[in-house]
Amino acid sequence: MHATSVRGPAVLIGAALTLTCACAGPSGADSRDTPLRDASSSVVPVVASTNVYGDIVQQVGGGKVKVVSIIRDPAQDPHSYEASTQNRLALSKAKVVVENGGGYDDFVGEMLHSAKNSSPAVIDAVKVSGKAPKAGAELNEHVWYNAPVMGKLADRIADALAKTAPADAAVFQRNAEAFKDKLTVLESKERQVKAAHAGTAVAVTEPVPLYMTEAMGLRNKTPADFSQAVEEGDDVSTQSLQRTLALFTDKQVKALIYNKQTSGPPTEKVKAAAEDNGIPVIPVTETLPPGEDYIGWMTANVGAIKSALDRS
């Protein structure tokens with residue numbers, strides 16, 4: 001992911017920028033009412049790098065966790081995050097930390113080191129996924145768009161919480177199973193799209209949704225150098241841009257999946273080309289939209305892609 005501003009170092013420890021923390025609780029933005037709750041033991045402090053992982057922790061931990069999600073603003077780029085005092089303090093007290101890994105949120109490790117907290121269980125979603133880059137390609141680190149991986153992550157979170165709060169182990173396990181049941185329904189919806197549209201060509205502005213599109217059997221025709229340059233914040237070559245624009249002018253794809261959290265002249269030109277040629281543009285994001293939970297968010301993404309392809 002690359003935001004509209006120029007990407008700086010992954011971490012600027014001690015910078016003045018202060019991000020609002022998403023803390024669990026009856027009125028917290030990341031609180032959920034569905035997980036099982038048990039008031040028999042103390043609450044486990046957890047820090048998640050983004051509100052995507054914060055929500056999954058909340059689903060598994062229920063009322064037995066207090067979650068701080070560092071990145072929860074759709075306009076904030078994890079690659080250029082600047083550490084806040086509140087988030088460093090939360091990390092200094094965390095018993096469990098959930099990060100994406102794969103170079104996406106390196107600020108977490110830097111902040112943990114600065115906070116002198118060497119004791120928390122650190123869960124790296126990319127490592128949990130077991131994903132590795134294909135020969136000659138970079139790893140797609142956006143593993144939260146992969147439903148089976150999030151099921152594995154829920155189990156890992158439940159295990160880590162259980163080690164910290166053994167009295168609530170059964171609660172964490174049941175909540176993880178409930179979350180995975182919801183993922184099963186999501187995966188079924190992906191398979192329905194695959195049954196109807198397998199092999200359909202689409203384009204993306206970045207690799208963000210590719211695990212989902214692959215699960216739906218869709219074919220990504222975006223030139224790799226275009227989407228990689230956009231993701232890394234590099235200049236897009238004229239040739240690469242022209243090849244990408246031709247996907248729409250020549251009607252080679254049925255939809256454009258557009259990361260609306262990032263923009264710049266190349267992606268705006270691509271979006272305009274799709275719209276001008278009557279090709280649906282499907283917006284996606286990297287963090288949870290306000291008021292959403294993970295399952296609802298991903299279900300909406302699948303539904304939007306399905307609707308666009310059904311109309312094409």
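**Exercise 1.** Determine whether Glu177 is buried, partly exposed or exposed, and identify its salt-bridge partner.

*Solution.* 
Step 1. The relative accessible area of Glu177 is 33%. Buried means under 20% relative accessible area, exposed over 50%, and partly exposed in between, with a 1.4 Å probe and protein chains only. Glu177 is therefore partly exposed.

Step 2. Glu177 forms a salt bridge with Lys180, and their closest N and O atoms are 3.1 Å apart. The term requires a side-chain nitrogen of Lys or Arg within 4 Å of a carboxyl oxygen of Asp or Glu.

Step 3. Both residues lie in helix α6, 3 residues apart, which is about one turn of the helix. Helices (H or I, at least four residues) and strands (E, at least two) are DSSP runs, numbered from the N terminus.

A note on the source: this is a predicted model, in which local features need pLDDT of at least 70 and side-chain atom pairs count only at pLDDT 80 or more, while totals for chains, interfaces and linings use all residues. Residues are numbered from 1 along each chain as its sequence is written, and side-chain values use heavy atoms, with hydrogens and water left out.

**Exercise 2.** The structure holds 4 salt bridges. Describe the one between Asp225 and Arg243.

*Solution.* 
Step 1. The two side chains meet with a distance of 2.7 Å from N to O.

Step 2. This pair links distant parts of the chain, since Asp225 belongs to helix α8 (residues 224–232) and Arg243 to helix α9 (residues 238–249), 18 residues apart.

Step 3. Asp225 has a relative accessible area of 37% and is partly exposed; Arg243, at 40%, is partly exposed.

Step 4. Elsewhere, salt bridges that share partners join Asp155, Glu177 and Lys180 into one network.

**Exercise 3.** Which residues of strand β9 lie on its covered face, and which on its uncovered one? State also how β9 pairs with β8.

*Solution.* 
Step 1. In strand β9 (residues 281–284), Ile282 and Val284 form the covered face, whereas Val281 and Pro283 form the uncovered one.

Step 2. Strand β8 (residues 256–259) pairs with β9 in the parallel sense over 4 bridges; pairing requires that DSSP finds at least two bridges between the strands.

Step 3. Opposite Ile282 in β9 stands Ile257.
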